[in-house]
Amino acid sequence: MKKILTILALAALSTSTQAKVRLPHIIGDNMVLQQQTDARLWGWAKPGKTVKVTTSWSDEVAQAKVGKDGKWLVKVKTPKASYEPLSVTFDDGEALTINNVLAGEVWVCAGQSNMEMPVKGFGMCPVEGYNHHVVDAIHSKGVRSVKIPSIMRLKPQEDAQCEWRQCSPKTVGDFSATGYFFARMVSRTLDIPVGIIEANKGGSRVESWLTKENLEKYTNEPTDSMGIVNFKKEWDYHRAMLWGNGTFNPILNYTVKGILFYQGCSNVGDPGDQYSQRLKLLVEQWRQQFGLGEIPFYFVQIAPYESGDPNGDWNARLQEQQFKAMQIIPNSSLVCTNDLVYPYETTQIHPSQKQPVGERLAFTALNRDYGMETIQYKSSAYKDMTIKGDSVLIHTQDNYWCDAPFEQMQGFEVAGEDRVFHPATARHFWQPGGGYWDEAILIRCDAVKKPVAVRYCFKNWQLGNVKNGGNLPLFPFRTDNW
């Protein structure tokens, strides 16, 4: 009899457990909800049941009937951002409450290892100023993060083992460095909470995040298990589709403000415009999957890297593709990092200066999304050139009325019809003309009497020093198409 009662008790417990609302791990204590929007909340429960969702900030009750597949989803109107702890209760007959929730801004941190790189750095790859950031973290209580485990899956996953973390001196070391410095700047500037969702994987390619449907329609990448394993005998982190299925798919129901993206090293060497077109495809895919409209997409240009030959240009060609991607992806912006490597970091794929990277992303968001129009967030870019005898005049755009330094600009090369590039001198140039002052960059080289083309930092490893009025670096460029 005792054995039978035990079995019945276990059966009752099992039934109770199955009936209780189950939430995805990303919905839990300490989470940040996107402020002043219809935020989605979802999960699983017994088919046919009704799930009621109540919040501490409203008398409204959201409810949904659980489908035959056991899934449900509701939308709740979220309050204005604040540091007031909130709670949400889910009830299908047995209540489940999550606590210490904040309303604020939520951004996704996607990409490969330079986005994944934590504040404490990787082995042999430190982040500059680590100890100062640990001490300072006491002032970043409004910053929270959730790290989605980097896993490969053949099928899209609906959940991932994760939990939200509050920023403190004890936890900040594990936050994405780029993501943290972005969130810290936005949080302190606007005085609101900021949550970052870290869904990234070191070494991943842009194809790693595309869906099976997009890969089959637009690429030659295999999508079956054997094809993926055998294709080019790649490293695991180069696999197409799998990281998107395992690491990104679990967050797609979450209501977010925008996406930050730092990736590209693993696509160096891609032919033609392939990378820019596939990145555009990925952004379109993510925007469609999130279902939140044309959300911001702000990404980071890869830094100078020797890549086996400092004088090669395959790294520069990928940088060029990223610049082209910015031009064809609506509501996007690119952060230049040409000045954020030290001369001794020629073979360091993870440069240590992550704080300026995150802050430049923050400057972009503060200007474009949060109304701070006086912030100068754009790097200058090549606009046009005029050849005058043995000299070339270069004009830039988005320079905020300044090309600096005034003299001894570094990073320029000039070529004649022989297509051989030589180091060139460059300086600020102005002359009266047509009722206005023609300000430009004057470039010349004694070895090239009849210049045809100009390049700026268009090598795997070449550091320039040209910056604009916002103290932001000039994008690497070339005027030729050789």
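Visitor: How many cavities of 30 Å³ or more does the count come to?

Guide: Quick heads-up: this is a predicted model, where local features need pLDDT of at least 70, side-chain atom pairs count only at pLDDT 80 or more, and totals for chains, interfaces and linings use all residues. Residues are numbered from 1 along each chain as its sequence is written, and side-chain values use heavy atoms, with hydrogens and water left out. A cavity here is a set of points, on a 1 Å grid over the protein atoms alone, where a 1.4 Å probe fits but cannot get out. With a cut-off of 30 Å³ or more, the count is one cavity.

Visitor: What is the make-up of the lining of the largest cavity, by class?

Guide: The largest cavity holds about 60 Å³ of space, and its lining (residues with an atom within 4 Å of a point) includes N114, Y262, P304 and Q348. Ala, Val, Leu, Ile, Met, Phe, Trp, Tyr, Cys and Pro count as nonpolar, Asp, Glu, Lys and Arg as charged, and the others, Gly among them, as polar. On that basis the lining comes out as eight nonpolar, three polar and no charged residues.

Visitor: Are α8 and α9 parallel or oblique to each other?

Guide: Helices are DSSP runs of H or I with at least four residues, numbered from the N terminus. Helix α8 (residues 274–290) packs on helix α9 (residues 314–328) at about 40°, axes 8 Å apart. Angles under 35 degrees count as roughly parallel, over 145 as roughly antiparallel, 65 to 115 as roughly perpendicular and the rest as oblique, which means α8 is oblique to α9.

Visitor: And what classes do the residues of the contact of α8 with α9 divide into?

Guide: Contact means heavy atoms within 4.5 Å. Among the residues that meet are Y275 and L279 in α8, and L318 and I328 in α9. The contact divides into five nonpolar, five polar and two charged.

Visitor: What about α4 with α10, by class?

Guide: Helix α4 (residues 177–190) and helix α10 (residues 355–368) pack at about 45°, with axes 7 Å apart. Residues in the contact include F181 and M185 of α4 and L361 and F363 of α10. By class, that contact has eleven nonpolar, four polar and two charged residues.

Visitor: Which residues does the cis peptide bond join?

Guide: Most peptide bonds are trans. Look in the loop between β15 (391–397) and β16 (412–415), where P405 is found. With omega about 5°, the cis bond joins A404 and P405.

Note on methods:
Axes are lines fitted to C-alpha atoms, for helices over the stretch in contact, and angles run from 0 to 180 degrees between N-to-C directions. Helices (H or I, at least four residues) and strands (E, at least two) are DSSP runs, numbered from the N terminus. On a 1 Å grid over the protein atoms alone, a cavity is a set of points where a 1.4 Å probe fits but cannot get out, and a pocket is an open set with protein on both sides within 12 Å along at least five of seven lines; lining residues have an atom within 4 Å of a point. Grid points are joined across faces, edges and corners, and a volume is the space filled by probe spheres set on the points.
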